[in-house]
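Visitor: I have a model open and would like to learn how to read it, feature by feature. Could you walk me through it?

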Amino acid sequence: MGLRDVAMLAPMLSQAHLQGKDLGDTRWLRRYQQQRQRDNETVLFGTDLANRLFSNSALSLRSLRHLALLGIEHIPAWRHQFLRYAMGVTPQQSMATALWP
């Protein structure tokens, strides 16, 4: 379980507790799962893509990796966007609310 998982689950469980609900109720847990699914799939896709790109030694992919890494290193807008994506911050979120909505 990652920080974004905890950040979403904690308020949901707190709300359920305040309402006197069963914290193990499958409706609450299903709601949490549905809300986290898209982010989890995005992270899995990105991780798999990075693994495939960096474990392939084809010259064309090595050149593409090198150019992309140079761009991330030297172009602030690329670096900023890459870091936001890596942290799971959506365009609608600020950095401050990304982990603690």
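Guide: Let's start with Asp-5, which counts as buried at 10% relative accessibility. Buried means under 20% relative accessible area, exposed over 50%, and partly exposed in between, with a 1.4 Å probe and protein chains only. Before we go on: this is a predicted model, where local features need pLDDT of at least 70 and side-chain atom pairs count only at pLDDT 80 or more, while totals for chains, interfaces and linings use all residues. Residues are numbered from 1 along each chain as its sequence is written, and side-chain values use heavy atoms, with hydrogens and water left out.

Visitor: Which residue forms a salt bridge with Asp-5?

Guide: General idea first: side chains of opposite charge can pair when their charged atoms come close. The cut-off for a salt bridge is a side-chain nitrogen of Lys or Arg within 4 Å of a carboxyl oxygen of Asp or Glu. Here the partner of Asp-5 is Arg-36, with the closest N and O atoms 2.6 Å apart. Arg-36 sits in helix H2 and Asp-5 in helix H1, so this pair ties together parts that are 31 residues apart in sequence. Arg-36 is buried too, at a relative accessible area of 7%.

Visitor: Which residues are linked with that pair in a network of salt bridges?

Guide: The network links Arg-4, Asp-5, Arg-36 and Asp-39.

Visitor: How many salt bridges does the structure hold?

Guide: Five. Another one joins Asp-48 and Arg-52, at 2.7 Å from N to O. Those two are four residues apart in helix H2, so about one helical turn separates them. Asp-48 is partly exposed, with a relative accessible area of 34%, and Arg-52 is exposed at 55%.

Visitor: And where does Asp-25 lie?

Guide: Look at the loop between H1 and H2. Asp-25 forms a salt bridge with Arg-27, the closest N and O atoms being 2.6 Å apart. Asp-25 is buried, with a relative accessible area of 14%, whereas Arg-27 is exposed at 58%.

Visitor: Let me step back to the overall fold. How many helices and strands does the protein have?

Guide: Helices (H or I, at least four residues) and strands (E, at least two) are DSSP runs, numbered from the N terminus. By that rule, this protein has five helices and zero strands. Read along the sequence, the pattern is α-α-α-α-α.

Visitor: What share of the residues is buried?

Guide: Of the 101 residues in the protein, 17% are buried. For the surface, accessible areas come from the Shrake-Rupley method with a 1.4 Å probe, and for residues only the protein chains shown count as cover. The protein exposes about 7900 Å², with carbon and sulfur atoms supplying 63% of that area.

Visitor: Now the inside: which residues make up the largest nonpolar core?

Guide: A nonpolar core is a set of buried Ala, Val, Leu, Ile, Met, Phe, Trp, Tyr and Cys residues joined through side-chain atoms within 4.5 Å. The largest one here has five residues: Leu-9, Met-12, Ala-16, Trp-28 and Tyr-32.

Visitor: What is Trp-28 in contact with?

Guide: Contact means heavy atoms within 4.5 Å. Leaving aside neighbours within four places in sequence, Trp-28 is in contact with Met-12, Gln-15, Ala-16, Gln-19, Lys-21 and Asp-22. For the protein as a whole, take the contacts between residues at least 6 apart in sequence: 36% of them join residues at least 24 apart.

Visitor: Next is Arg-65: buried or exposed?

Guide: Arg-65 counts as buried, at 15% relative accessibility. You'll find Arg-65 in helix H3 (residues 59-74). Not counting residues up to four places away in sequence, Arg-65 touches Leu-53, Phe-54 and Asn-56. The backbone oxygen of Asn-56 lies 2.7 Å from a polar atom of the Arg-65 side chain. Leu-53 is twelve residues from Arg-65 in sequence, with the two C-alpha atoms 7.5 Å apart.

Visitor: Last one: which residues form a nonpolar patch on the surface?

Guide: Patches are made of residues with over 30% relative accessible area and no salt bridge; like charges are joined within 9 Å, and nonpolar side chains (Val, Leu, Ile, Met, Phe, Trp, Tyr) within 5 Å. In this model, Phe-45, Leu-49 and Tyr-85 form such a patch, with about 330 Å² of accessible area together. Tyr-85 is found in helix H4 (residues 76-87) and is partly exposed, at 45% relative accessible area.

Conventions. A polar contact is a pair of N or O atoms within 3.5 Å; within protein, one must be able to donate a hydrogen and the other to accept it, and residues adjacent in sequence count only if both atoms are side-chain atoms.
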